[in-house]
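Several terms used for protein structures rest on cut-offs.

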Amino acid sequence: MAATGFDAAPVYYSDSLGAPIINGEEEYSLINIQKLFKDFIREFHDVNNIFHYRDELKRQYILGQYSITVSLSDLSSYNEVLADKLIKSPTTFLPLFETAAKEVADELTRPRPEEEEEVQDIHVLLRSHMTNVSIRDLKSDHMSRLVKVPGIVINASGVRAKATSLTLQCKSCRDYKNDIPIRPGLEGFALPRKCTASTAGTQPCPLDPYYIVPDKCKCVDYQTLKLQEAPDQIPTGDMPRHIQLYVDRALVDRMVPGNRVQVVGIYSIKKVADKSSKSDKITAGIRRPYIRVVGLEVDSSGPGRSLNKFTPEEEDEFKKLSERDGVYEIIARNIAPSIFGSEDIKKSVACLLFGGSRKRMPDGLTRRGDINLLLLGDPGTAKSQLLKFVERCAPISVYTSGKGSSAAGLTASVMRDPTTRCFIMEGGAMVLADGGVVCIDEFDKMREDDRVAIHEAMEQQTISIAKAGITTTLNTRCSVFAAANSVFGRWDDTKGEENIDFMPTILSRFDMIYIVKDEHSESRDTTIARHVMKIHLNREQAAVEGEMNIEMLKKYIAYARAKCGPRLSEKSAAKLGHKYVMMRTSAREHEHDSNKRLSIPITVRQLESIVRISESLAKMRLEPFTTDADVEESLRLFQVSTLESAMSGSLAGVEGLTALEDQEEVRKVERQLKQRFPIGSQVSEARIIQDFVKQRYSERAVRSVLNILIRRGELQHRMQRKVVLRVK
């Protein structure tokens with residue numbers, strides 16, 4: 001029997017796109033998945049029958065913005081398996097989603113103008129409500145999956161171009177290889193080592209013959225960023241961790257240093273460039289992680305971050321609290337309840353935490369709403385403990401010490417990017433605390449040059465940078481809470497202005513200045529000793545002295561700052577203006593009676609301070625306007641802080657807080673001192689004071705002149721501070 005059909009050529013074929021990928025499920029092959037993505041964009045609608053993604057895609061394409069943001073929760077409600085595959089294998093399915101979006105855009109925008117017939121690629125961005133994963137919790141299990149990571153952007157590179165498809169040409173035979181696709185992200189592309197176009201009988205092309213033809217490549221914009229853990233997510237004692245971000249196309253230039261963001265991206269790896277090892281064998285399996293961003297949420301509703309994520313139950317609780325009688329007293333009692341006394345200081349700290357209202361004028365200028373507070377005084381008066389409490393209690397806070405802080409660390413630094421060798425900018429403590437509080441301990445230990453750097457940040461609430469070709473302005477909308485000691489260690493009432501080593505420019509920027517003295521009183525010492533012993537013997541009960549816990553207070557402060565922006569009412573504004581004029585008038589009458597000009601610390605800048613304090617008191621009650629009681633309390637707080645410090649002589653001698661007659665005496669002493677002692681002469685300090693006192697000048701004025709000239713660098717101490725040398 002003849003064999004038939006044995007020589008018939010069988011046909012073998014492979015369909016990579018149509019092949020089933022998981023468990024042989026034909027309905028979820030790659031081609032079917034792409035069709036499902038198209039159906040989702042075309043057919044998904046809400047309860048009101050609005051086709052959200054279809055209409056959004058058409059509108060964005062017509063406006064020339066070739067991107068669309070898709071919520072994973074919507075995709076999951078449409079097809080749960082589809083959303084699950086996208087989360088678990090985004091590198092495989094996200095390109096299919098973008099191809100489907102491009103095909104739908106082609107259908108929706110026909111007919112197009114002649115010059116725009118080619119359909120543009122669509123960038124699909126993802127929005128997810130999945131659980132956040134901190135940078136330190138990212139492990140190898142998350143590799144090539146979608147993750148959602150919160151943090152602060154501290155560094156942003158410039159916008160550069162990356163090829164999505166290459167065209168190569170052989171140097172020898174001039175043959176082209178067109179449209180070679182490049183994988184997205186920071187993965188490179190290895191050029192072919194051999195030319196494949198050489199034919200039989202011709203000399204083969206040499207090794208590495210290909211070069212890139214730039215004119216025929218397709219490119220997209222991309223940018224690399226550095227994401228740091230948010231300060232409230234860092235375990236105590238640990239260093240903050242960083243990770244590199246890769247953003248491209250529609251996500252470029254959406255973030256600047258200082259932004260708090262939530263990033264949805266693909267946890268990816270790139271090759272480690274190790275210059276020290278000559279071969280790649282050592283680092284063959286080692287890869288460095290980065291995140292390829294496919295979705296982004298910038299927390300911009302509040303200054304610096306979003307502060308309006310509160311449950312309805314919490315909001316009801318906040319409103320009940322604001323309606324209670326004496327809410328101001330309740331909050332003040334909950335400020336560091338373990339510290340005894342200092343009621344007025346605690347009330348001022350409460351005002352600082354809530355803050356006033358920032359105002360933007362019609363001409364574009366702004367008036368700051370943040371309150372700055374300075375504590376000067378003796379050691380052992382719980383200044384640092386108050387600062388530590390504010391750091392824990394404020395929604396956004398940065399704690400720093402004066403000796404360990406430089407001007408660049410507080411404001412911003414310009415440094416060279418190790419990869420591109422270009423200059424980049426990194427924000428400092430005041431930029432990262434935008435919308436919160438900066439606590440600076442040991443403020444007197446800071447170098448004068450570093451203190452000058454924060455002048456602009458305190459009053460104008462911006463930092464202007466003009467270094468290394470970078471000219472920009474960063475926002476620093478934060479309060480400054482500082483603590484400092486006397487130059488002599490303990491506060492000396494007889495020395496007056498010699499106790500402090502601050503320039504008048506920095507003092508005038510503080511709304512309230514408290515002189516905290518450790519006074520000796522048997523009854524007070526007994527009460528404090530009993531309080532301290534109670535804390536050490538019964539820590540649990542002593543810690544719960546306040547009427548609300550610290551988390552509740554922190555949320556209430558965040559809620560009030562986000563939702564409430566009170567203004568002065570007409571009645572309270574008239575009263576404040578009347579009080580201002582009365583204080584100036586009474587001071588003028590006092591001058592007339594005593595025949596001596598006194599300093600008036602109530603200037604326009606201090607008047608604005610009182611306005612801010614009044615607004616913060618109204619904000620504690622969540623009221624839109626201030627009342628007469630707020631104005632009275634703000635005037636009282638200002639009276640017991642800055643005004644009392646200035647009038648009692650504690651700040652006497654400080655420029656701007658000194659009588660004009662005393663200033664005139666200081667000028668006369670300085671002029672005569674320079675005439676009597678030429679440059680290069682050395683004179684005993686005691687002899688100088690003795691000579692001027694004989695001429696009926698006050699000893700305080702002479703010491704003040706010597707301190708001023710030493711601070712300017714015109715005089716220098718020699719021989720254990722006994723002799724003064726005139727330098728210039």
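Predicted model: local features only at pLDDT ≥ 70, side-chain atom pairs only at ≥ 80, totals over all residues.

Q: What makes the pair Arg368 and Asp511 a salt bridge?
A: The closest N and O atoms of Arg368 and Asp511 are 3.3 Å apart. The cut-off for a side-chain nitrogen of Arg and a carboxyl oxygen of Asp is within 4 Å, so the pair qualifies as a salt bridge. The structure holds 34 salt bridges.

Q: Why can this pair be said to tie together parts that are apart in sequence?
A: Arg368 is in the loop between strand 12 (366-367) and strand 13 (373-377). Asp511 is in the loop between helix 14 (504-507) and strand 21 (512-516). The parts that the pair ties together are therefore 143 residues apart in sequence.

Q: How do you know whether Arg368 and Asp511 are buried or exposed?
A: Arg368 has a relative accessibility of 5%, and Asp511 has a relative accessible area of 1%. Buried means under 20%, so Arg368 counts as buried and Asp511 is buried.

Q: Why is the contact between Glu391 and Lys388 called a salt bridge?
A: The N to O distance between the side chains of Glu391 and Lys388 is 3.6 Å. The limit is within 4 Å for a Lys nitrogen and a Glu carboxyl oxygen, so the term applies. Both residues belong to helix 9 (residues 383-393), 3 residues apart, with about one helical turn between them.

Q: What makes Glu699 and Arg703 a salt bridge, and where do they lie?
A: Their side chains meet at 3.0 Å, N to O, and within 4 Å is what the term requires. Glu699 and Arg703 both lie in helix 23 (residues 699-712), 4 residues apart, about one turn of the helix. Glu699, at 38% relative accessible area, is partly exposed, as is Arg703 at 28%.

Q: Why is Asn178 called exposed?
A: Asn178 has a relative accessible area of 51%. The class begins at over 50%, so Asn178 is exposed. Asn178 lies in strand 5 (residues 176-181). Beyond its neighbours within four places in sequence, Asn178 is in contact with Leu166 and Thr167. The C-alpha atoms of Asn178 and Leu166 are separated by 6.7 Å, although these residues are 12 residues apart along the chain.

Q: How do you know that Phe189 can belong to a nonpolar surface patch?
A: Phe189 has a relative accessible area of 36% and is partly exposed. Patch residues need over 30%, so Phe189 passes that cut-off. The patch is made by Phe189, Leu191 and Ile212 and has an area of about 230 Å². Phe189 is placed in the loop between strand 5 and strand 6 (210-212).

Q: Which residues have the most contacts inside the largest nonpolar core?
A: They are Ile331, Leu353 and Phe481, in a core of 45 residues. Not counting residues up to four places away in sequence, Phe481 touches residues including Val349, Leu373, Val390 and Ile440. A second, separate core has 33 residues, among them Leu94, Ala100, Val119 and Val294.

How values were computed. Residues numbered from 1 in each chain as written. Heavy atoms only, no water. Helix = DSSP H or I, 4+ residues; strand = E, 2+ residues; numbered from the N terminus. Buried < 20%, exposed > 50% of the residue type's maximum accessible area, 1.4 Å probe, protein only. Contact = heavy atoms within 4.5 Å. Patch = residues over 30% accessible without salt bridge, like charges linked within 9 Å, V, L, I, M, F, W, Y side chains within 5 Å. Areas by Shrake-Rupley, 256 points an atom, 1.4 Å probe, with all protein chains shown as cover. Core = buried A, V, L, I, M, F, W, Y, C linked by side-chain atoms within 4.5 Å.
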